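Work through the exercises below with the sequence and the model open. Try each task before reading its solution.

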Amino acid sequence: MIRTLRMVVCATLSGALTAAAFTPAAQAACAAQAACAAQAACAAQAASAGQGALQAQVDAIQQTGTVGVLAEVAGHGGTVFATTGLADSATGERVQAGDEFRIGSETKTFVATVVLQLVAEGRLSLDDTVARWLPGVVSGNGNDGSTITVRELLQHTSGLYNYADDFPELASTAAFEADRYTTYTPEQLVAIAMQHKPDFAPGTSWEYSDTNYILAGMIIQRVTGLSWQQEVFNRIIEPLGLHQTFAPGADPSIPGAHLRGYSNFGSGPQIDVTSANMTYAGSSGSMISTTADLTSFHRALLGGRLLTPAELAEMETTVPAHEFDSLWPGARYGLGLMWLPLSCGGGIYSHGGDVPGYTTLDGTTPDGRYAVAVEATGDAGTAALATQHAMVALVDQQMCSAVA
């Protein structure tokens with residue numbers, strides 16, 4: 001709006017100059033017009049530079065061996081995006097802004113937000129035990145739901161074994177092909193974790209575990225009577241108008257124009273993994289979204305539009321997440337939200353997401369004014385780590401530019 005008004009003022013002044021070219025008033029108007037033009041030129045130059053830097057960073061990600069890359073930066077001054085590579089390697093279709101993709105563990109931030117909204121409503125407490133809401137579900141082999149709190153689930157300090165580490169569908173191409181359309185219940189996924197002893201006593205350490213968020217989704221349903229998918233839709237997707245964000249349930253398709261995912265599961269040729277029944281990830285990582293919707297969600301979250309100040313403070317209370325130090329040294333984890341230090345000082349809130357074929361990363365300033373989201377498709381062996389490092393570099397550089 002401000003830029004539009006300045007353009008109108010400049011146009012008006014230009015008309016005045018024609019009628020009185022040599023009066024003092026006209027000379028002042030001329031100076032004002034020149035300032036307007038210079039300001040517009042600077043803004044255009046800055047936008048062009050921002051676009052160029054983002055495109056260079058996206059290209060750098062592509063050079064690590066990905067199939068397609070899409071990134072978007074949003075702030076109070078507008079949105080900039082950059083793309084490279086293919087959305088579909090079979091048809092040669094190029095990546096487009098607005099393409100949908102699987103966001104993996106970024107689902108966790110949506111789920112944690114719903115849990116914290118329920119806390120604010122007094123319908124459960126972060127200090128409630130898992131056994132209070134899910135009696136008998138966490139038991140056996142030293143697992144005890146009566147000693148684990150809801151907070152410890154959301155913070156990954158429960159000590160529960162990560163069922164995804166003992167899940168054949170994620171281990172090889174052949175296993176994925178055999179079970180890609182199998183429907184899993186949350187109870188089945190938790191039961192895999194219960195076959196293993198806890199990694200540590202609740203609250204004594206930190207380790208990322210998808211089991212925690214499968215249980216969080218089950219608790220949402222027990223508290224509200226509605227599925228976690230429905231609660232995420234009612235409380236986040238619909239109010240924010242996130243029209244390209246979905247929790248697909250057992251539907252293996254991606255509904256709109258989308259990026260196809262490719263994976264080789266660690267060795268051999270990559271296969272197309274786009275079509276898959278994501279119940280194997282459930283409330284820990286099954287959602288679909290776009291870069292625009294992700295930046296909108298995170299800006300609303302950090303901007304205080306989804307949680308009360310007390311619950312947002314709980315979400316932002318972090319513990320060291322040393323498991324991620326090799327990728328982003330100094331990373332910390334809150335309740336469904338990570339804190340990451342920037343190379344230029346300060347830090348941002350973030351979450352990543354990885355499912356076969358798709359790698360997602362975002363970053364948002366603590367005040368919610370600026371956000372970035374980047375997606376890369378295709379994960380092949382050691383190249384996947386190089387891709388993640390390049391994505392980290394993009395987020396770090398873009399956020400440093402935003403806060404400078």
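**Exercise 1.** Are Phe176 and Phe265 buried or exposed?

Solution. This is a predicted model, in which local features need pLDDT of at least 70, side-chain atom pairs count only at pLDDT 80 or more, and totals for chains, interfaces and linings use all residues. Residues are numbered from 1 along each chain as its sequence is written, and side-chain values use heavy atoms, with hydrogens and water left out.

Step 1. Apply the cut-offs: buried is under 20% relative accessible area, exposed over 50%, and partly exposed in between (1.4 Å probe, protein chains only).
Step 2. Both Phe176 and Phe265 are buried.

**Exercise 2.** Find how many aromatic pairs the whole structure holds, and describe the pair of Phe176 and Phe265.

Solution. Step 1. Rings of Phe, Tyr and Trp (its six-membered ring) pair if their centres lie within 6.5 Å; planes under 30 degrees apart are stacked, over 60 edge-to-face, and the rest tilted.
Step 1. The search of the whole structure gives 10 aromatic pairs.
Step 2. Phe176 and Phe265 make a tilted pair, with 5.1 Å from centre to centre and 35 degrees between the planes.
Step 3. This pair links distant parts of the chain, 89 residues apart: Phe176 is in helix H6 (residues 173-179), and Phe265 is in the loop between strand E7 (262-263) and strand E8 (271-272). Helices (H or I, at least four residues) and strands (E, at least two) are DSSP runs, numbered from the N terminus.

**Exercise 3.** Locate the disulfide and state its handedness.

Solution. Step 1. A disulfide requires a pair of cysteine sulfur atoms within 2.5 Å; the count is one.
Step 1. Cys344 is joined to Cys400, S to S 2.2 Å.
Step 2. The angle about the S-S bond is -100 degrees, and the link of Cys344 and Cys400 is left-handed.
Step 3. Cys344 has a relative accessible area of 44%, so this residue is partly exposed, whereas Cys400, at 13%, is buried.

**Exercise 4.** Describe the surroundings of Thr318.

Solution. Step 1. Thr318 is in the loop between helix H12 (309-315) and strand E10 (319-320).
Step 1. Thr318 is buried because its relative accessible area is 16%.
Step 2. Not counting residues up to four places away in sequence, Thr318 is in contact (heavy atoms within 4.5 Å) with Arg332, Tyr333, Gly334 and Trp339.
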